[in-house]
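This report describes selected packing features of one protein model. Please consult the sequence and structure shown below while reading.

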Amino acid sequence: MFWRSFLAFWLGMAAIVAVGVALTASVAWQRVTSLDRLSPANLMQDASQLARLEGETGLRRWVQAMDRRYSALRIYLVGENGQDLLGREIPLRVRDLLDSTPESYASDALRGMAYYAAPSSPDAVRLSWWEPQSVVLPSGESLRVVFQPYDASQWDALGAWQVLVALIAIALVVTAPLCWLLARAVNKPVQGIQHAARLLAVGRLDARTPAALSGRGDALGQLSRDFDAMAERMQDFVQAHEALLRNVAHELRSPLARLQLSVELARRKDGTLDLQLDRIAREGERLDELVGNTLRLARLGGMTLPADAVDLSEIVDQVVENGRFEASARGVRIAWHVANAVPMRGDHASLESAVENILRNAIRHSRQDGLVQVSLSADADRARVEILDAGPGVPEAELARIFQPFYRVRSAVPTGGGAGLGLSIVQACARAHGGEVLAANAGGQDGQGGLRVSLVLPRRLAREGGASGRDGFAAPHQFAAEAEQPVVGQLQMVQRDAP
Ligand SMILES: Nc1ncnc2c1ncn2[C@@H]1O[C@H](COP(=O)(O)OP(=O)(O)O)[C@@H](O)[C@H]1O
Ligand SMILES: [Mg+2]
């Protein structure tokens, strides 16, 4: 694009300059050659005749007339006072010429009519254009005459309006098609993008720019690729939201239906009232949890880089303590030893719910008497919470999908499982913090290996810097020093505990 327009402009400029120079040169040349018909002797003859018959006024008129007719010739009439007869300023080189040629030389030698005969006449004297001549007025005063031929530069020729008009016309003729081509080269791709943008605006999310445009290597190609990428993401985004909405509606339906059924049964007063009331209460809880999780997910989607001072070690510790009751009820042990403080920037509530979701999955899926291993490690930049359970893991093909909202592994035993929102909340939290969550099957022998879920979060300590950044932490730890040391999880301890 750049080179094409550069070349076009350059060629256009070159054409205009070349034509302009040629035109002015030819006009100047014509003016100069027009002097070929003149000779200084003829001119002096006219001048002396006029001086004799009409005096100063005649000469003045003559100079003006000559000026108009021959733009390549200037005639100066200099009186004894050294002034031009027409009051014009006398150029320095004309003055030099006058000074270097004594008046006597001209006047003595050339005074008198006979010398100024026509060049064809036998008495003709060959005069030089460059020598100052003299004419004598009737008053007896003598005027010196200086010719300045070929004085018109080529640029003087521009003074003629015909030349100017011709030049402007040529410039127009050269630039108009160039600009038209240039405008078309820019307009067409822009219209392509505009068309796609309008389609997108009226809800056609599959609108993309023309393929020929996005394949271009220039800035417009880049713009169209960026536009397509944006449209792609918008489409994904909207589709994900539509799916979420559909799923929420769908998930609300079954507990509501069960609720209605229980209400119907309760009305029959057939002795199962308490049972129905229990069901109603349970469905109410499910609905509450579903709505709460959906809201949490939506809120996390709009959250970006929460920056409260939190201690991840304290959060994990709290979650594990809360989980011990549920674990012991299922006969599952949790291996976790409080690590050093891991200060970082984040949102306490959402980090807590993320770790809780991973841990509760691990407890729920672990076999009885199994061990859930929780570890926390950190370096200066990142913190990693890892939870490994003693369950069956997740089929490899479904590993990537367990983070999608409402996705549940089909083969899994439905032992009080949720709606499939837990891990999507974890992922939304990780993303809001600029981190990620990963799941992998540990793949140990004799069904020992369960699912290992890792939550990796940037600590974002450096950005804060200084003491003020750390003042936000309530715990009186020396966070700066600890931040440098890796906080190693208690896996070794765990292995010793393990049966
Ligand atoms: N530790 C785990 N071991 C085996 N399967 C798991 C584990 N954690 C999650 N899953 C599977 O991933 C799916 C999604 O989990 P999650 O989003 O937490 O939904 P749910 O609300 O069912 O707990 C679950 O249906 C479950 O089958
Ligand atoms: Mg869950």
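## Cavity, sheets, helix contact and pocket

The lining of the largest cavity comprises 5 nonpolar residues, 1 polar residue and no charged residues. In this classification Ala, Val, Leu, Ile, Met, Phe, Trp, Tyr, Cys and Pro are nonpolar, Asp, Glu, Lys and Arg are charged, and the others, Gly among them, are polar. The model is predicted, so that local features need pLDDT of at least 70 and side-chain atom pairs count only at pLDDT 80 or more, while totals for chains, interfaces and linings use all residues. Residues are numbered from 1 along each chain as its sequence is written, chains are lettered from A and ligands numbered from 1 in the order in which they are written, and side-chain values use heavy atoms, with hydrogens and water left out.

The residues that line the largest cavity are Ser5, Ala8, Phe9, Leu178, Cys179 and Leu182. Helix H1 (2–33) and helix H5 (161–201) are the elements that give two or more residues to this lining. Helices (H or I, at least four residues) and strands (E, at least two) are DSSP runs, numbered from the N terminus. A search of the whole structure finds 1 cavity of 30 Å³ or more. On a 1 Å grid over the protein atoms alone, a cavity is a set of points where a 1.4 Å probe fits but cannot get out; a pocket is an open set with protein on both sides within 12 Å along at least five of seven lines, and lining residues have an atom within 4 Å of a point. Grid points are joined across faces, edges and corners, and a volume is the space filled by probe spheres set on the points.

The volumes of the two spaces discussed here are as follows.

| Space | Volume | Lining by class |
|---|---|---|
| Largest cavity | about 40 Å³ | 5 nonpolar, 1 polar, no charged residues |
| Second largest pocket | about 1,000 Å³ | 17 nonpolar, 7 polar, 3 charged residues |

The second largest pocket is lined by 27 residues, of which Phe237, Ala240, His241, Pro405 and Arg431 lie nearest its centre. Helix H7 (219–267), helix H8 (273–301) and H11 each give two or more residues to the lining of this pocket. H7 provides the largest share, 10 residues.

Helix H11 (residues 422–432) also packs on a sheet, touching E9 and strand E10 (451–458), and its direction makes about 135° with that of E9. Contact means heavy atoms within 4.5 Å. Axes are lines fitted to C-alpha atoms, for helices over the stretch in contact, and angles run from 0 to 180 degrees between N-to-C directions. The sheet is open and has 5 strands in the order E5-E7-E8-E10-E9, with mixed pairing. Its edge strands are E5 (333–335) and E9 (436–441). Two strands pair if DSSP finds at least two bridges between them. E5 runs parallel to strand E7 (residues 371–378), and 3 bridges join them; Ala335 stands opposite Gln373 in E7.

The axes of H11 and helix H10 (residues 348–365) come within 9 Å and cross at roughly 140°. On the H10 side, the contact residues include Leu351, Ala354 and Ile358, and on the H11 side they include Leu423, Val426 and Cys429. By class, this contact has 7 nonpolar, 5 polar and no charged residues.

A second open sheet is formed by 3 strands in the order E1-E3-E2, with antiparallel pairing. Strand E1 (73–78) and strand E2 (133–136) are its edge strands. Neighbouring strands of this sheet are turned by 30° against each other on average, direction ignored. E1 and strand E3 (residues 142–149) are joined by 6 bridges, and Ile75 has Phe147 in E3 as its bridge partner. Helix H2 (residues 40–69) packs on this sheet, touching E1, E2 and E3. Helix H3 (residues 92–100) lies across E1 and E3, running at about 130° to E3.
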